[in-house]
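Please look over the sequence and the structure shown here before reading on.

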Amino acid sequence: MSIRNHIGIIATAILATLFQSCHSLDDERIPSMPVNINLGDAGLWNTYGVSGFGIYRYFIPSAGLPRGFQYSANSATGFGGILLIGGMDPFTGDPNVPLAYDLSCPVERKPDVRLKIDPENFEAICPECGSHFNVTMQGGAPLKGPAFTDSPRCAMTRYQCVATSAGGYIITR
């Protein structure tokens, strides 16, 4: 067998392992709930959006967060609230984009067990199970704790941030 064949076999094995590990992340563990936060114009986005890497904001109506934000009858914040944070899109590599996730821990699966951002490293951490998630560069992938060690691994539920022509974003499912 030639070196070229060995390299091809090794490359195929590596790619198969990568694809298999990608499919072992479960990011749909929490109940599917409506999501709609309209920050569609530049004024709303500049006030309640995020403007850089690691800058974050929680959207939790029952807690009055963010302070001063007026939720409308069409607003919906998923299962446990929404985390909006500036980061890098893990699928496109685009830097400094808004990313949105459900705040509910995918291990605990309770709407009132919400992840908190560690401002030192921008990881989302569950106060109950201790799981850590990378929300700025890896799409809510688990880093440690039960979300990382259980099978399948649990990732955070991601939401879309859709740019509008008016200079803002709409957060949706």
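**From the whole chain to its details**

The model considered here is a predicted one. Of the 173 residues in the protein chain, 38% count as buried. Its secondary structure consists of three helices and 13 strands. The accessible surface of the protein chain amounts to about 9,600 Å², and carbon and sulfur atoms account for 55% of that area. Contacts within the chain may also be sorted by separation in sequence: among those between residues at least 6 apart, 53% join residues at least 24 apart.

In what order do the strands of the open sheet of four strands lie? The order is β7-β8-β9-β10, and the pairing is antiparallel. At the edges stand β7, which covers residues 116-118, and β10, which covers residues 141-144; each of these pairs on one side only. From one strand to the next, the twist averages 40°.

The individual pairings can be followed along this sheet. Strand β7 is joined to β8, residues 123-125, by three bridges, and the two run antiparallel. Within the sheet, Asp 118 stands opposite Glu 123, a residue of β8.

How many disulfides does a search of the whole structure find? The search finds zero. Cys 105 is in no disulfide, and the nearest cysteine sulfur to its own belongs to Cys 126, 3.6 Å away. Likewise, Cys 126 is in no disulfide, its nearest cysteine sulfur being that of Cys 105, at 3.6 Å. The reasoning rests on a cut-off: a disulfide requires a pair of cysteine sulfur atoms within 2.5 Å. The sulfur atoms of Cys 105 and Cys 126 are 3.6 Å apart, and therefore this pair does not count as a disulfide.

Are these two cysteines buried or exposed? Cys 105 counts as buried because its relative accessibility is 0%. Cys 126 has a relative accessibility of 2%, and so also counts as buried. For both residues, the cut-off that applies is a relative accessible area under 20%.

Note on methods
Residues numbered from 1 in each chain as written. Predicted model: local features only at pLDDT ≥ 70, side-chain atom pairs only at ≥ 80, totals over all residues. Heavy atoms only, no water. Buried < 20%, exposed > 50% of the residue type's maximum accessible area, 1.4 Å probe, protein only. Pairing = 2+ DSSP bridges. Axes fitted to C-alpha atoms, helices over the stretch in contact; angles between N-to-C directions. Contact = heavy atoms within 4.5 Å. Areas by Shrake-Rupley, 256 points an atom, 1.4 Å probe, with all protein chains shown as cover.
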